[in-house]
Amino acid sequence: MADSGNGKTPLLDELEKGPWPSFVTQIKSVAEKNPRARALLQLLERSYREKIGHWKHGGIVGVFGYGGGVIGRYSDLPEEYPDVAHFHTLRVNQPSGWFYTSDSLRTLADLWEEHGSGLTNMHGSTGDIILLGTSTDELEPTFEALTNAGFDLGGSGSCVRTPSCCIGQARCEWACYDTLALTHDLTMAFQDELHRPFFPYKFKFKCAGCPNDCVASIARADMSIIGTWRDDIQVDKAAVKAYADDGMNIERDVCGNCPTKCIQWAGKEIDIDNENCVKCMHCINVMPKALSPGKDRGATILLGSKAPILEGAIISSVLIPFIKIEPPYTEIKELTEKIWDFWGEHGKNRERVGELMQRVGLGNFLEEIELEPIPEMIAHPRENPYIFFEEYFEEDEEEGE
Amino acid sequence: MAEAKERKTDIGPPHYEKLMPPIIKKNYGKWKYHERLKPGVLVHVAESGDKLFTVRAGSPRLVSVEYLRKYAELADKYCDGYLRFTSRNNVEFLLTDESKIDPLIKELKSEGFPVGGVGAAISNIVHTQGWVHCHSAATDASGIVKSVMDDLHEYFAGKEVPGKLRIALACCLNMCGAVHCSDIAILGIHRRPPRIDHSNLNKVCEIPNVIASCPTGAIRPATVDGQSSVEVEEDRCMFCANCYTVCPSMPLNDPLNDGLSIWVGGKVSNARSEPRFSKLAIPYIPNNPPRWPEVVEAVRNIVEVWVKHARKYERMGEFIDRIGWPRFFKLTGIEFSKEHIDDYKYAGLTYKRSAQLRHS
Ligand code: SF4
Ligand code: SF4
Ligand code: SF4
Ligand code: SF4
């Protein structure tokens, strides 16, 4: 252990100061008992000193029968830090809505203390429970312990990534459909696609109960399922009055911020031109006791968002303006499979669905997945006049008429 | 292999219903409204009249098993063992007994967990792995987040702000985390073309894949010292590290040049204005561990300008819409440079294409 020598971590110690909870304190809390955590601390101190990471991506590792769920990670200084020479991560599929009981947390803690670094992320960016760091020979035993405790691995690589959702109807009055149920159902329906990668690249589902989109589905999911409604906003007049009496400036704070200026306050009553309401949620957010989404609820399905790699970042765009979300969710699943079929056949290696949609053009993409083009799918019609008409009349035909 | 037969696979996650408190099961889908009682505390009132109290505490995301047990212990003591996590890595304790809120908060605080992040507040920073665990990191994630949140914690704990402000950090352009649509985004960047390990490249990587991975077509086949390899046309490289993702022999990590950029004005919520991308505010700040004071200062500066000048409910991007970019740069004192001007695909759409300008 040449460089990890005296075990001191003066740079990281600086990060134990201050009011915000410290990840260094977390690592130290297990470092005494756990050699992997101890080595991680030393290696990280070195990264802080040298301003460079010391991990490399390596060969594919995993558990038997699965093509994903484990991220292979190796230190580039294995001789000096043998305890983190392998430091693979397991992605564990979280329960919908990230609910736990104290016992389920203890179960996870016990098994990860036994088999790995004792360090986790609650949770990773996609939503999984992240078990940070263990060696190749511990993967199978960890997997066994997990499945015995009722947990399973999440996705990694070119597959369905672990679906995730907002808290939805479990606690939020704005949820326009049951996000937890849909997320769980999709997760179970697509176990094979989740565990055995065979797509061109990754595919993420995120389920948000309303347009506030607390899970960033519109920015971070290939398929964004965002709750909405299509009838009138429900208004409790007495409660509106109570807000006004309480000193709320409804004119400025509510009406002034409505994107389509479809909500008016006449000093006594609120008047909403529901045909022009774009379901942005602002007025409801501001007056939760007085206003709520309508009763005819469902979701908007949008497709294609992703971070910049490869062709630039994309925000999902509308595919289905309104759909009822009810078990067994056949329509969503059939749509998804049509998209996967086309993508599987025509997607290039590492090409996300959103990029494919842009490459072939939304119009052509819609034909392939058998959806009619409708104006809800665009911000505005084309501005450029270079239209690829697919056919034209020939003189003969015209004369023949 | 008798053992292999017993092996359980494809069982999926535990069903959420088994992990929910009875009050949620009972009132599922029948919540009426919610209110913020005080910083970090929500009450949700059901049609039945039942009340669920949520106490939200910040966490460092990187959590040890010791602390998981601590969360479990607190949940047992105050809320029959029921808790959850949020999409921003906060922990929420789900209480039915209002009288236990204050004792729980007291104990959380004494254990070093700040309570807050609810409603119009600065919540926890969504972030990535950094030097703790990732191969392509241009910076550490946890250390910067800790330093920035130390500095902003009063805003998490309830100091008044105009509206929601969401901060995210990613340690490379892969952007694991909603960095591209955050009010303030801290993004690790490389600034030097890949250094090619010619002696190994041919052994570990498929050359056609490497060439195809480059979005700008900067990579060409080459023979170096008799070995098939590739070369990079340096002035076409935009340091995206795509090549490194498919080929470990093309590392971009470089202590001298790696650092951070700061982006502003993105959002994912549909409230008021449509979701949108974050835009570049500061092209480059060098890495300065362990506490990255320049990054902390840059974020605080932007936050303070927003706190001082934004109207109620205005997110960062909406605020900038109203005052205009020139004034954003003036108010923040951030220098505008060539790097701020887009030069990738459709860059022309980002030029100012009107004479609507403010001249004061
Ligand atoms: S996305 Fe909407 S329904 Fe879901 S938790 Fe957020 S506000 Fe509630
Ligand atoms: S939901 Fe949005 S668009 Fe509809 S009335 Fe309210 S503020 Fe206006
Ligand atoms: S953002 Fe980049 S460096 Fe950070 S965890 Fe993701 S891939 Fe790794
Ligand atoms: S870093 Fe990106 S732009 Fe540069 S050579 Fe690699 S793939 Fe091409």
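Predicted model: local features only at pLDDT ≥ 70, side-chain atom pairs only at ≥ 80, totals over all residues.
Two strands pair if DSSP finds at least two bridges between them.

**View 1. Pairing of S11 and S12 in chain B**. Strand S11 (residues 259-264) of chain B and S12(B) run antiparallel and are joined over five bridges. Within S12(B), B:Ile282 is the residue that B:Ile262 stands opposite.

**View 2. The open sheet of chain B**. Four strands make up this sheet, in the order S7-S8-S11-S12 (chain B), and their pairing is mixed. Strand S7 (167-170) and strand S12 (279-286) of chain B form the edges, each pairing on one side only. On average, and with direction ignored, neighbouring strands of the sheet are turned by 20 degrees against each other. Helix H5(B) packs on the sheet and touches S7, strand S8 (184-189) and S11 of chain B. The direction of H5(B) makes about 160 degrees with that of S7(B).

**View 3. Packing of helices H5 and H9 in chain B**. Helix H5 (residues 142-156) of chain B packs against helix H9 (residues 293-309) of chain B at an angle of about 30 degrees, and their axes lie 9 Å apart. Because angles under 35 degrees count as roughly parallel, H5(B) is roughly parallel to H9(B). The crossing of H5(B) and H9(B) is right-handed.

**View 4. Residues in the contact between H5(B) and H9(B)**. H5(B) contributes B:Ile144, B:Ser147, B:Val148, B:Asp151, B:Leu152, B:Glu154 and B:Tyr155. From H9(B) come B:Val295, B:Val296, B:Val299, B:Arg300, B:Val303, B:Glu304 and B:Val307. By class, the contact has nine nonpolar, one polar and four charged residues.

Methods:
Residues numbered from 1 in each chain as written. Chains lettered and ligands numbered in written order. Heavy atoms only, no water. Axes fitted to C-alpha atoms, helices over the stretch in contact; angles between N-to-C directions. Helix = DSSP H or I, 4+ residues; strand = E, 2+ residues; numbered from the N terminus. Parallel < 35°, antiparallel > 145°, perpendicular 65-115°, else oblique. Left-handed = near helix turned anticlockwise from the far one by under 90°. Contact = heavy atoms within 4.5 Å. Nonpolar A, V, L, I, M, F, W, Y, C, P; charged D, E, K, R; others polar.
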